[in-house]
Protein chains: 2
Amino acid sequence: LDRELGARVFFKCENQQKVGAFKCRGAVNAVLSLSDEEASRGIGGHSSGNHAAALAYAAAIRGIPCTVVMPETAMAIKVDAVRGYGAEIVFCPEGERASTAKRVIEDKGAIFIHPFQDPRVIAGQGTAALELVEDVPDLDMVAVPVGGGGLAAGTCIAVHGLRPSAQILAAEPLAVDDAHRSMATGVLQPRVEKPQTLADGLLTGIGELNFQVFQEHGLRVITVTEEQIVEAARFHLQRMKILVEPSGATVLAALRSLGSKLQGKRIGAILSGGNTDLSWWEN
Amino acid sequence: LDRELGARVFFKCENQQKVGAFKCRGAVNAVLSLSDEEASRGIGGHSSGNHAAALAYAAAIRGIPCTVVMPETAMAIKVDAVRGYGAEIVFCPEGERASTAKRVIEDKGAIFIHPFQDPRVIAGQGTAALELVEDVPDLDMVAVPVGGGGLAAGTCIAVHGLRPSAQILAAEPLAVDDAHRSMATGVLQPRVEKPQTLADGLLTGIGELNFQVFQEHGLRVITVTEEQIVEAARFHLQRMKILVEPSGATVLAALRSLGSKLQGKRIGAILSGGNTDLSWWEN
């Protein structure tokens with residue numbers, strides 16, 4: 001890959017993180033930040049997958065109750081993971097996640113933890129980039145996927161805190177290009193409705209808080225096609241022998257689309273997760 | 001996995017080795033052991049896959065010619081890998097590999113390197129276990145797959161040199177159980193003809209030299225079924241997010257089949273390679 005890009009690429013393999021994704025960093029940081037009184041009330045949230053498992057994992061670490069609202073369409077493998085950590089699951093129709101979560105969590109008096117619009121969550125997600133920059137201090141560039149923007153915002157803050165000269169790239173599926181359009185226009189764009197992309201971790205629009213961070217840090221967004229995402233996921237699997245979910249494979253797809261512009265650069269690339277049913281794989 | 005087995009398992013990930021398998025260790029050691037006169041004649045061998053790529057890689061390192069005889073049925077991905085390292089390929093019918101290689105290599109005056117019946121190759125393969133034992137010195141047990149036996153023999157020698165008390169386990173597909181029967185009877189058994197197993201790196205019978213090593217070191221062979229192999233390969237991919245070829249997944253399959261007998265043990269497990277077309281994967 002280094003030869004192909006004429007660059008040096010250092011991967012941060014969050015696909016091999018607990019719960020199979022960086023999401024556990026934000027959830028753990030949020031849950032461990034709670035006061036004892038808050039923690040005793042338990043936590044809750046809504047998610048179709050990785051954030052749900054992350055909350056369940058974080059709650060199990062602190063030994064407090066956790067309730068997660070999941071859409072009825074959530075993948076069985078992700079439901080099992082949440083259940084495996086001992087969380088209670090409430091199912092709802094796909095469009096009613098937020099309202100159901102509000103009601104269920106208020107009823108229980110639990111603390112709601114948002115998947116990406118929460119400074120504690122953003123700070124937690126930023127620790128992936130923090131570790132990467134500590135390991136490889138002289139990076140010219142750090143690339144991450146962008147969905148809601150918690151990981152990308154945490155990455156901006158962590159990287160520029162230690163290495164102000166590094167450029168931050170965010171990879172976004174073309175089918176959900178609200179971050180790209182928001183940065184291009186300088187105005188937060190509404191989320192894309194029912195986007196069709198394999199990158200099921202990046203379906204949501206970016207949060208307002210994260211958009212502010214992106215503007216302060218001059219985030220550069222690169223959009224990638226579904227074909228480029230599959231090509232990158234296949235490369236990770238066949239050549240690197242690691243399983244990266246399509247959302248995470250957007251990063252390699254974005255780097256490849258920049259091609260010779262990366263010549264001579266030292267690049268950090270955050271592979272966000274590895275939870276996928278491999279539906280994109282064809283022999 | 002540690003919880004499931006009641007043990008601590010340390011994986012040596014040779015699936016992430018150069019050429020995607022431990023085979024490059026033996027080939028590189030053999031090629032770098034040649035005198036300048038020998039090296040100038042070039043090297044050759046026959047293989048359907050990993051050994052072919054390993055020879056090509058080793059020859060490229062030393063900058064000498066390499067000729068590999070491959071069966072016409074070899075997977076395209078493996079043929080491409082060999083070609084990518086710049087080796088010359090001669091194709092032949094599946095049953096005529098050894099005779100074709102003998103003729104072709106004699107014609108060229110090249111040095112023949114056997115995939116597993118060569119002390120330099122065995123020593124090279126043993127360096128995987130050597131590194132593992134250096135990293136984790138207090139292992140009770142080291143598990144490897146067994147096909148021709150080069151990796152298993154090198155592992156016996158390397159592990160017992162540093163850690164005489166450790167037991168060596170070899171995992172073998174039930175469909176190719178010549179190592180198991182050889183150790184049980186104390187007499188080298190003939191190879192299984194046309195074995196039906198997904199573990200395409202373990203089709204060959206064990207070599208006589210390796211059988212002697214196994215007897216000296218009290219190797220214990222555990223046979224595993226095809227279902228157990230697939231189950232283990234799926235675990236590596238889904239839970240560990242790494243791609244392990246069926247031949248390498250025999251090791252986890254064997255450990256799982258021992259179940260509670262591993263209680264409290266510290267176990268090294270050599271995942272031999274990651275070159276597979278995933279034909280065994282089903283969603």
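How many salt bridges does the rule find across the interface of chain B and chain A? The rule finds zero, a salt bridge being a side-chain nitrogen of Lys or Arg within 4 Å of a carboxyl oxygen of Asp or Glu.

The model is predicted, with local features needing pLDDT of at least 70, side-chain atom pairs counting only at pLDDT 80 or more, and totals for chains, interfaces and linings using all residues. Residues are numbered from 1 along each chain as its sequence is written, chains are lettered from A and ligands numbered from 1 in the order in which they are written, and side-chain values use heavy atoms, without hydrogens and water. The predictor assigns the complex an ipTM of 0.92 and a pTM of 0.94.

Chain B and chain A contribute 17 residues each to the contact (heavy atoms within 4.5 Å). About 1200 Å² is buried between the two chains, 56% of it from carbon and sulfur atoms; buried area is the accessible area (1.4 Å probe) that two parts lose on being put together, summed over both. Lys241(B), Leu243(B) and Leu278(B) provide 41% of the area that chain B buries against chain A, more than any other three residues.

Within chain B, Ile113(B) lies in the loop between strand E5 (111–112) and helix H7 (119–135), where helices (H or I, at least four residues) and strands (E, at least two) are DSSP runs numbered from the N terminus. Ile113(B) counts as buried because its relative accessibility is 0% (buried means under 20% relative accessible area, 1.4 Å probe, protein chains only). Not counting residues up to four places away in sequence, Ile113(B) touches residues including Ala30(B), Ile43(B), His51(B) and Val121(B).

How values were computed
Buried < 20%, exposed > 50% of the residue type's maximum accessible area, 1.4 Å probe, protein only.
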